[in-house]
Amino acid sequence: MTHFGVTLSQYIMEEQRRYPDATGNFTLLLNDIAVSCKMIAAAVQKGQLANVLGATENENCQGETQQILDVIANDLFIKNNAKRGHVAAMASEEMDDVYPIPDGQPRGNYLLIFDPLDGSSNIEINGPIGTIFSILKTDKKHPTEADFLQEGVKQVCAGYCLYGSATMMVLTIGHGTHGFTLDPSIGEFILTHPDMKIPETTAEYAINQANRNLWEPPVRQYVDDCDLGVGGPRKKKYTMRWVGAMVMDIHRLIQRGGVFAYPMDSSLTQKGGRLRLMYEANPMAFLVEQAGGIATTGYERILNLTPQKLHQRVPVIMGSKEDMTILLDNHKAYASETDKEFKHQCPQYQ
Ligand code: F6P
Ligand code: MN
């Protein structure tokens with residue numbers, strides 16, 4: 001049955017009215033992103049029937065083997081956006097360097113950064129996967145990597161598309177976090193989850209427990225306390241969930257509360273963390289904050305970090321306000337006992 005609601009394009013056009021000087025370029029860019037995600041969803045849904053499962057022989061610059069679908073999703077994003085005149089340059093998890101708009105093509109004022117297919121290890125097992133994107137502005141016609149290295153607070157838009165049992169686009173342009181569900185019968189994303197708010201309290205956390213012995217003490221303390229259940233300091237029974245695809249794990253916490261953490265651990269100190277700042281941590285932090293949650297490295301608000309390089313990795317802890325406050329208090333106390341600096345400043349935690 002068709003759901004008669006506001007379509008994603010109608011929503012974006014309504015938002016455009018807030019800005020009398022808007023050229024319409026941003027609206028068209030979001031439309032091209034939505035088209036790219038619909039095409040990826042179509043490939044994902046056909047799975048093995050379309051011969052798109054399995055690995056390529058290549059590694060990306062992160063040293064991860066590229067899956068066939070990683071490459072297809074990346075190409076779709078590039079093809080759908082390169083010739084449309086809305087972006088000045090693009091960058092992706094799957095490309096070592098910035099992708100400049102080819103000479104002779106029209107250029108816009110936006111920088112588009114994306115993780116074309118997040119949670120790639122779920123592809124083969126028919127598990128949930130997603131696309132994450134972030135949009136920044138630039139006044140450069142030939143942007144370089146340095147122009148991408150803007151703080152997360154400067155994002156004009158962030159979103160993800162979840163290829164789960166239904167396909168959903170969740171996005172923010174700084175006025176709340178809104179969810180749209182793809183109606184495959186009409187090929188439109190329909191606003192089904194307006195102004196999503198993360199419940200402030202929770203009894204659910206998502207973390208890769210296999211790394212437990214490697215975590216920093218503030219995170220281990222939090223999880224140990226949760227695991228003590230009704231007899232412990234939290235006085236309630238907790239549940240652990242880990243899908244292994246950030247898009248799904250974050251979507252769950254935006255919908256029903258929780259904590260998601262890929263914190264610093266002793267095996268990651270050289271790398272700086274596991275998840276990537278520009279196309280994983282920053283866009284998710286923007287979405288989570290707009291839904292009333294907190295997003296931190298443990299010591300600093302993610303959106304305030306000054307990026308050093310395109311593929312920079314950072315520790316990530318985000319979610320419901322109450323548990324995030326406990327986690328931040330743990331980090332603050334640990335920082336005062338060690339030589340670490342705690343400078344987390346965000347509207348939700350002072
Ligand atoms: O993109 C990185 C990613 O696939 C995330 O989506 C996910 O949260 C994480 O890696 C899973 O890591 P691990 O395999 O160590 O649990
Ligand atoms: Mn990813």
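Strands β13 (259-262) and β14 (275-276) each contribute at least two residues to the shell around ligand 1, strands here being DSSP runs of E of at least two residues, numbered from the N terminus. The model is predicted, and local features require pLDDT of at least 70, side-chain atom pairs pLDDT 80 or more, whereas totals for chains, interfaces and linings use all residues. Residues are numbered from 1 along each chain as its sequence is written, chains are lettered from A and ligands numbered from 1 in the order in which they are written, and side-chain values use heavy atoms, without hydrogens and water.

Ligand 1 is surrounded by 13 residues, the closest being Asp118, Asn208, Met246, Tyr262 and Glu280, where a residue counts if one of its heavy atoms lies within 4 Å. Oxygen atoms of ligand 1 lie 2.7 Å from a polar side-chain atom of Asp118, 3.0 Å from a side-chain N or O atom of Trp242 and 3.3 Å from a polar side-chain atom of Arg276. Of the 400 Å² of accessible area that ligand 1 has on its own, the protein covers 82% (Shrake-Rupley method, 1.4 Å probe).

Elsewhere, strand β7 (residues 157-163) is largely enclosed by the rest of the structure, because 7 of its 7 residues are buried (under 20% relative accessible area, 1.4 Å probe, protein chains only). Strand β6 (residues 129-137) runs antiparallel to β7 and is joined to it by 7 bridges, with Thr131 opposite Cys161. Strand β8 (residues 167-172) is likewise antiparallel to β7, through 6 bridges, and Gly159 stands opposite Leu171; β7 and β8 form a hairpin with 3 residues between them.

Methods. Polar contact = N/O pair within 3.5 Å; in protein donor to acceptor, adjacent residues only side chain to side chain. Helix = DSSP H or I, 4+ residues; strand = E, 2+ residues; numbered from the N terminus. Buried < 20%, exposed > 50% of the residue type's maximum accessible area, 1.4 Å probe, protein only. Pairing = 2+ DSSP bridges.
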